[in-house]
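Trainee: I've got a model open on my screen and want to get to know it. Can we go through it together?

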Amino acid sequence: MTNLVISGDGRMGSMLIQGLEQESDFDVVGVISPLAEESSGKMHTPRGSEIPWSRDPADLISAVRPDVVIDFTNAEFTPSLVDACMEYGVRPVIGTSGVDEITIERLSAYCSANNLGSVYAANFAVGAVILSHLAKIASRFFERAEVIELHHEGKVDAPSGTAIALAEAMHAGRGSDFIFNKPELTHVDGTRDGNLGGVGIHSVRLPGFVASHEVIFGDASQTLTLRHDSIGRDSFLPGVSLAIREVLKLSQLVVGLESLIGLEEE
């Protein structure tokens, strides 16, 4: 049995608690709730177990000693969670967007030095990982490309971590900057400013979306469009389950799910 702590008790965290408890080899033994008004307490899981929760990751991890911590919180909180995981030798699986490079580098160095596995991924939907893989391949054949990412109105950051990872993968696949169009006249400030490596990135925030990413390549008299839509948050569950099982076998930090699902580097 793999003992799990879920970091984050919002809509994503609640889905993970319910979904992961349905797996016979997983047991959720605690929850980290960074935005709770009180410091700690008890809650019931879908299985009917009473488990502890706490605002403080070190306090909870030291009390329940999980095998894996799954983090979907925010970029300001995740570094303190990473510190707690490193302090107690717990494997983190992180899906939080925008975690700073210093934190990722510290985690990577710790994992390598201690033969400990961890996973950091911008997106745990398998379809989104395949989208990135295909976009990287297509980037060899086009000079111009743009990304549109669409999320629910409650997402606090823009662009999404997946959109950034997409643009980085596309730039790597092309091996140089794309050609980015800057109009001579812009009627609304900022509408054509955002690009990474020449890949224009546009963020949409509206009710009704969970997470969608669209890549559009353009050339003379043709376009190529690749798109992935997460209709519900449970679309991330298979990827999280896979990462939990694989992280127990790893001895280093793995960034992205590509290698975990068998995609070869292009």
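Trainee: Is the crossing of H1 and H7 left-handed or right-handed?
Mentor: Ground rules: this is a predicted model, with residues numbered from 1 along each chain as its sequence is written. Local features need pLDDT of at least 70 and side-chain atom pairs count only at pLDDT 80 or more, while totals for chains, interfaces and linings use all residues; side-chain values use heavy atoms, with hydrogens and water left out. Look at the near helix: turned anticlockwise from the far one by less than a right angle it makes a left-handed crossing, turned clockwise a right-handed one. By that test, the crossing of H1 and H7 is right-handed.

Trainee: What is the angle between H1 and H7?
Mentor: Helices are DSSP runs of H or I with at least four residues, strands are E runs of at least two, and both are numbered from the N terminus. The axes are lines fitted to C-alpha atoms, for helices over the stretch in contact, and angles run from 0 to 180 degrees between N-to-C directions. H1 covers residues 11-20 and H7 covers residues 237-247, and their axes are 11 Å apart. The packing angle comes out at about 65 degrees.

Trainee: Which word describes how H1 and H7 lie to each other?
Mentor: Under 35 degrees counts as roughly parallel, over 145 as roughly antiparallel, 65 to 115 as roughly perpendicular, and the rest as oblique. H1 and H7 sit at about 65 degrees. The two helices are therefore roughly perpendicular.

Trainee: Which residues in H7 does H1 meet?
Mentor: Contact here means heavy atoms within 4.5 Å. H1 brings Met-15, Leu-16, Gly-19 and Leu-20 to the meeting. On the H7 side, the partners are Leu-237, Val-240, Ser-241 and Ile-244.

Trainee: How do H5 and H6 lie to each other?
Mentor: H5 is residues 126-138 and H6 is residues 161-174, and their axes come within 7 Å. They cross at roughly 30 degrees, and the crossing is right-handed. Leu-131, Ser-132, Ala-135 and Lys-136 of H5 make the contact with Leu-166, Ala-169, Met-170, Ala-172 and Gly-173 of H6. Going by the angle, H5 and H6 are therefore roughly parallel.

Trainee: And which residues of H3 does H2 meet?
Mentor: The axes of H2 and H3 (residues 78-88) come within 9 Å and cross at roughly 30 degrees. That makes H2 roughly parallel to H3, and their crossing is right-handed. H2 puts in Pro-57, Ala-58, Ile-61 and Ser-62. They meet, in H3, Ser-80, Leu-81, Ala-84, Cys-85, Glu-87 and Tyr-88.

Trainee: Is Ala-63 buried or exposed?
Mentor: Ala-63 lies in helix H2, and its C-alpha is 9.2 Å from that of Gly-30, which is 33 residues away in sequence. Buried means under 20% relative accessible area, exposed over 50%, and partly exposed in between, using a 1.4 Å probe and protein chains only. At 62% relative accessibility, Ala-63 counts as exposed.

Trainee: What about Thr-2, buried or exposed?
Mentor: Thr-2 is in strand S1, residues 2-7. Leaving out residues up to four places away in sequence, Thr-2 touches Asp-25, Phe-26, Asp-27, Asp-67, Val-68, Ile-244 and Leu-248. Its C-alpha is also 9.5 Å from that of Ser-24, 22 residues away in sequence. With a relative accessibility of 11%, Thr-2 counts as buried.

Trainee: Where is the cis peptide bond from Ala-158 to Pro-159, and what is its omega?
Mentor: Most peptide bonds are trans. This one is cis, and Pro-159 is placed in the loop between strand S8 (144-151) and H6. Its omega is near -5 degrees.

Trainee: What is the phi of Ser-221?
Mentor: Most residues other than glycine have a negative phi. Arg-65, in the loop between H2 (57-64) and strand S5 (68-71), has a positive phi near 45 degrees and is exposed, at 51% relative accessible area. Ser-221 lies in the loop between strand S11 (211-219) and strand S12 (222-230), and it is exposed too, at 83%. Its phi is positive, about 65 degrees.

Trainee: Zooming out, what percentage of the residues of the protein chain count as buried?
Mentor: The protein chain has seven helices and 13 strands, and its C-alpha atoms fill a box of roughly 60 × 35 × 30 Å along the principal axes. Among contacts with a separation of 6 or more, residues 24 or more positions apart account for 66%. Of the 266 residues, the buried share is 47%.
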